[in-house]
Amino acid sequence: MNVSDFEFIAKLLKDRSGLALTKDKAYLLESRLNPVARKWNFAGIDELIQALRTGKDEKLTVDVVEAMTTNESFFFRDQRPFEQFRTIVLPYLLEHRAAQKSFRVWSAACSSGQEPYTLAMILKEEAAKLAGWRVEILATDLSSEILDKAREGLYSQFEVQRGLPVSLLVKYFKQVGDRWQISDELRSMVQYRPFNLLDNPASLGRFDVIFCRNVLIYFDPPTKAKVLDNIAQQMAPDGFLYLGGAETVIGTTDRFEPMPGQRGIYTLTKANAAAKVKAAG
Ligand SMILES: C[S@@+](CC[C@H](N)C(=O)[O-])C[C@H]1O[C@@H](n2cnc3c(N)ncnc32)[C@H](O)[C@@H]1O
């Protein structure tokens, strides 16, 4: 691929998804875009890029952007964040949201659904404490294709073997051929919606807990800062933000600070939380 084509596609991906494609990752273009070129009956990637340059077919652009996203996810990913959710965040919300008996969780960049369904399973396991509560889980992703898979809730043997305890597999999934489908009850606990993290999330409303894990790693520092600022706008003053193990707010934004002793969880900095309380009157 020539330099001009690389620069064109790198800019397109950055503008559309935030993905920062550095030259050392050029090999990814070959492996991810060859299948798209075949699907669209182009002779190869060069021809695909020429068609993209015309900007005539939005569906082609969407296919290319979606092909370049990394969708890897698994149930109870890294375990600890979900253990913290059960033992620290949930008890906090049960106490501090007792008056309204409701809270909202956002799984931003939810991929194929393992993250929001893990949260749904934890909430279901704690159902006795949540009797009479209204808990909303909103799960969003840039890719409509991956959201279709999430809604379907159908996973391969390999996918359910990664992180999901057998007891929960037996309890919440049914076997369909050689795959496993999550129960309708759990599926109905999660609402899926397309959403690009580069956009303003104001219309999504306010959240008590936000999982934004393993997506900021693909963005450059200014994009990370912008996304975190947007997220801060949507978070309750005493809300909790989860990032992935390789992600942090340090050096990127002063809106959030790490929660002492709880790796991976972030809260609004005092000044930001106070400003929100003031703004709410
Ligand atoms: C590696 S997965 C992470 C899934 C899950 N959060 C986890 O930790 O297992 C990254 C997801 O981010 C999504 N993504 C990438 N850029 C995005 C953007 N600008 N807005 C929303 N989602 C995006 C991809 O489609 C992909 O599904």
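Residues are numbered from 1 along each chain as its sequence is written. Because the model is predicted, local features need pLDDT of at least 70 and side-chain atom pairs count only at pLDDT 80 or more, whereas totals for chains, interfaces and linings use all residues.

Helices (H or I, at least four residues) and strands (E, at least two) are DSSP runs numbered from the N terminus, and two strands are taken to pair if DSSP finds at least two bridges between them. Seven strands form an open sheet with mixed pairing, in the order β6-β2-β1-β7-β8-β10-β9. Its edge strands are β6 (190–194) and β9 (256–258), each of which pairs on one side only. Neighbouring strands of this sheet are turned by 25° against each other on average, direction ignored; here and below, axes are lines fitted to C-alpha atoms, for helices over the stretch in contact, and angles run from 0 to 180 degrees between N-to-C directions.

Within this sheet, strand β1 (residues 102–108) pairs with strand β2 (residues 134–141) in the parallel sense over seven bridges, and phenylalanine 103 stands opposite valine 135 in β2. The pairing of β8 with β10 is antiparallel and extends over two bridges, with tyrosine 242 opposite isoleucine 265 in β10. Strands β9 and β10 also run antiparallel and are joined by three bridges, proline 258 having tyrosine 266 in β10 as its bridge partner. Six residues lie between the strands in the hairpin of β9 and β10, where glycine 261 takes a positive phi near 75°.

Helix α7 (residues 144–152) lies across β2 and β6, and its direction is at about 165° to β6. Helix α11 (residues 221–234) packs on the sheet and touches β7 (207–212), β8 (235–243), β9 and β10 (265–268), its direction making about 140° with that of β8.

An open sheet of three strands has the order β3-β5-β4 with antiparallel pairing. Strands β3 (154–156) and β4 stand at its edges with a single partner strand each, so one side of each is left without a neighbour in the sheet. The twist from one strand to the next averages 35°. Three bridges join β3 to β5, and serine 156 stands opposite arginine 179 in β5. Strand β4 (residues 173–176) is joined to strand β5 (residues 179–182) by four bridges in the antiparallel sense, with phenylalanine 173 opposite isoleucine 182. The hairpin of β4 and β5 has two residues between the strands, and glycine 177 in this hairpin takes a positive phi near 60°.

Among the helix pairs, helix α1 (residues 3–17) and helix α3 (residues 45–54) pack at an angle of about 55°, with their axes 11 Å apart. Helices α1 and α3 are therefore oblique to each other, where angles under 35 degrees count as roughly parallel, over 145 as roughly antiparallel, 65 to 115 as roughly perpendicular and the rest as oblique. The crossing of α1 past α3 is left-handed, a crossing being left-handed if the near helix is turned anticlockwise from the far one by less than a right angle, and right-handed if clockwise. Asp5, Phe8, Ile9 and Leu12 of α1 meet Ile49, Leu52 and Arg53 of α3. By class, this contact of α1 with α3 has five nonpolar, no polar and two charged residues, where Ala, Val, Leu, Ile, Met, Phe, Trp, Tyr, Cys and Pro count as nonpolar, Asp, Glu, Lys and Arg as charged, and the others, Gly among them, as polar.

Helix α2 (residues 26–39) packs with α3 at an angle of about 75°, their axes being 9 Å apart, and α2 and α3 are therefore roughly perpendicular to each other. In this contact, Leu29, Glu30, Leu33, Asn34, Val36 and Ala37 of α2 meet Ile45, Glu47 and Leu48 of α3. The axes of α2 and helix α4 (residues 58–67) come within 9 Å and cross at roughly 150°, in a right-handed crossing. Arg32, Leu33 and Val36 of α2 make this contact with Asp63, Val64 and Ala67 of α4.

The ligand is surrounded by 23 residues, of which the closest are Ser73, Ala109, Ser111, Leu142 and Leu197; a residue is near a molecule or strand if its C-beta atom, placed from the backbone, lies within 6 Å of it. By class, this shell has seven nonpolar, 11 polar and five charged residues.

Technical notes: Two residues are in contact if their C-beta atoms, placed from the backbone, lie within 7 Å.
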